[in-house]
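Trainee: I would like to go through the terms used for this model and see what each one rests on.

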Amino acid sequence: MLNKKRLLTPGPTPLPEEVRLALAQDMIHHRKGQFKEIMQRVQGHLRELFGTTQPVLPLSCSGSGAMTAAVYNLFAPGEKVLVAEAGKFGERWVEIARSRGLECTVLSAPWGQAVKAEDVAAALDADPDIRGVLIQMSETSTGVLHPVREVAAITRTRNVLCVVDGISGVSLSPCPMDQWGVDCLVTGSQKGLMLPPGLALLALSARTWDKAEKTGTGCFYFDLCRERDNVLKNQTRFTTPVNLIVGLDVSLKMLLAGGLDAVYRKQWALTMFTRAAVKAMGLELLASDDFAWGITSVLLPEGVDGNEVLRLAAEKHGIFMAGGQDQLKGRIVRIGHMGWVDWADVAASLYALERSIVDAGGYIGARNYLEQGLAVYRAALEVTPGTPVSCPAVR
């Protein structure tokens, strides 16, 4: 009873009360008029969120299912793709592509760094047979933001599709599909969209629909052309996760009520807050330059066990954060500040991080790290999202 439990993982994320109440409503039938009305509203809001005039398909699966659907519908076995790999989910693109029988050229960057757009261009120049670039918008395992806008500017002038995993990026930082020239964008329900897991969303550009129709899917369940035909009738092809669509209707209204700029302004300010406070503690950030807006990865001091830090934060402070994966296991803590998370949640997580590092045998000498972080947070709310903010004088 001492501490309120706070979920600051990079998914699943907390649910607003309005969404929880929507999820608890009586079940409705997914082929009747009431559901079709909800789907029509949801479609309009999803197109605004994705920045596209094309339909946005809800799929009954996790985000990895949408990644699989994209690969199996857009590329035929034997085709070549370029995969940007700088983390666990870049590796997942490779695994999915190879399961489809694609030839993969892997463009790697160290975990904690983003791939460079000029390296993408060079790889495409070196092999004109490449037909797609598979890339993360936000690499959830490291907290890195890849240069999707710059990569899409390269692919849109070629016979190459830009396929983007936006699972921890959509609704957290800008990625307007049509404006940037992104060909496929996918996301999941359990991160910035403030819903439980179980629903994925996928949109294709006009030229990508042409490619999908010519390719033909290798999967009965994930047939995007047939799914699109149903969505245009405010339906889904198979049984719908009705309660998640009802909850999505509410969460999208909340997100779009003040406009996307307000959403991005909040996310940028929370990111600046977290990063400034971590630096004030004397800790190192894994992604020093190209960083995501919804997750911050913190390198722990030598000799401090990340698993123990996470245990202490949960048991003593009620704060649930995430650890590293593969070679980063036990070396980093990932703080999720996405969706239904505000400055007070972030402040609580930072306090828990500092106390838990000390209790795990580390040393944090800073005493005003929260004041410094909050000063940056206030300043970041006043600038255009994406504008770097330095720490003003703390009053």
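Trainee: What is the bridge partner of S297 in strand 15?

Mentor: In this predicted model, S297 has R334 as its bridge partner in strand 15. Another such pair is L299 with I332 of strand 15.

Trainee: What makes strand 12 and strand 15 a pair?

Mentor: Pairing takes at least two bridges between the strands. Strand 12 (residues 295–299) and strand 15 (residues 332–336) are joined by 5 bridges and run antiparallel, so by the criterion of at least two they are paired.

Trainee: How do you know that strand 11 counts as a partner of strand 12?

Mentor: Strand 11 (residues 284–285) is joined to strand 12 by 2 bridges, again antiparallel. The criterion is at least two, so 2 bridges meet it.

Trainee: Why is strand 12 called mostly covered?

Mentor: A residue is buried under 20% relative accessible area, and 5 of the 5 residues of strand 12 are buried. Both faces are covered: I295, S297 and L299 are buried on one side, T296 and V298 on the other.

Trainee: What is the order of the sheet with 7 strands?

Mentor: That open sheet has the order 2-10-9-8-5-3-4, with mixed pairing. Strand 2 (56–59) and strand 4 (103–108) are at the edges; each has a single partner strand, so one side of each has no neighbour in the sheet. From one strand to the next, the twist averages 20°.

Trainee: How do you know that strand 3 pairs with strand 4 and with strand 5?

Mentor: By the bridges. Strand 3 and strand 4 pair in the parallel sense over 6 bridges, with V81 and C104 as one of the partner pairs. Strand 3 (residues 80–85) and strand 5 (residues 130–136) also run parallel and are joined by 4 bridges; here V83 stands opposite L134.

Trainee: What makes strand 3 largely enclosed?

Mentor: Of its 6 residues, 5 are buried, so the rest of the structure largely encloses strand 3.

Trainee: Which helices lie against this sheet?

Mentor: Helix 2 (residues 33–50) lies across strand 2, strand 9 (184–188) and strand 10 (200–204), at about 115° to strand 2. Helix 4 (residues 88–99) packs on the sheet and touches strand 3, strand 4, strand 5 and strand 8 (161–165); its direction makes about 160° with that of strand 3.

Trainee: Why does S205 count as buried?

Mentor: Its relative accessibility is 9% and the cut-off is under 20%, so S205 counts as buried. S205 is in the loop between strand 10 and helix 8. Not counting residues up to four places away in sequence, S205 touches Q54, M177, V182 and D183.

Trainee: How do you know that E227 has no salt bridge?

Mentor: The nearest side chain of opposite charge, R237, is 5.7 Å away. A salt bridge must be within 4 Å, so E227, although buried, has none. R237 is still among the contacts of E227, with L57, P58, L59 and T236, leaving aside neighbours within four places in sequence.

Trainee: Where does E227 lie, and what covers that element?

Mentor: E227 lies in helix 9 (residues 224–231). Helix 9 has 6 of its 8 residues buried: L224, C225, E227, R228, N230 and V231. The cover over them includes helix 2, strand 2, helix 3 (63–74), strand 10 and helix 8 (206–215).

Trainee: Which residues have the most contacts inside the largest nonpolar core?

Mentor: They are F50, V182, L248, M321, L350 and L353, in a core of 100 residues. Helix 11 (residues 260–280) gives the most to this core, with 12 residues. Apart from it lies another core, of 34 residues, including I167, W209, F222 and C225.

Notes: Residues are numbered from 1 along each chain as its sequence is written. This is a predicted model: local features need pLDDT of at least 70, side-chain atom pairs count only at pLDDT 80 or more; totals for chains, interfaces and linings use all residues. Side-chain values use heavy atoms; hydrogens and water are left out. Buried means under 20% relative accessible area, exposed over 50%, partly exposed in between (1.4 Å probe, protein chains only). Lys and Arg count as positive and Asp and Glu as negative; His and the chain ends are not counted. Contact means heavy atoms within 4.5 Å. Axes are lines fitted to C-alpha atoms, for helices over the stretch in contact, and angles run from 0 to 180 degrees between N-to-C directions. A nonpolar core is a set of buried Ala, Val, Leu, Ile, Met, Phe, Trp, Tyr and Cys residues joined through side-chain atoms within 4.5 Å.
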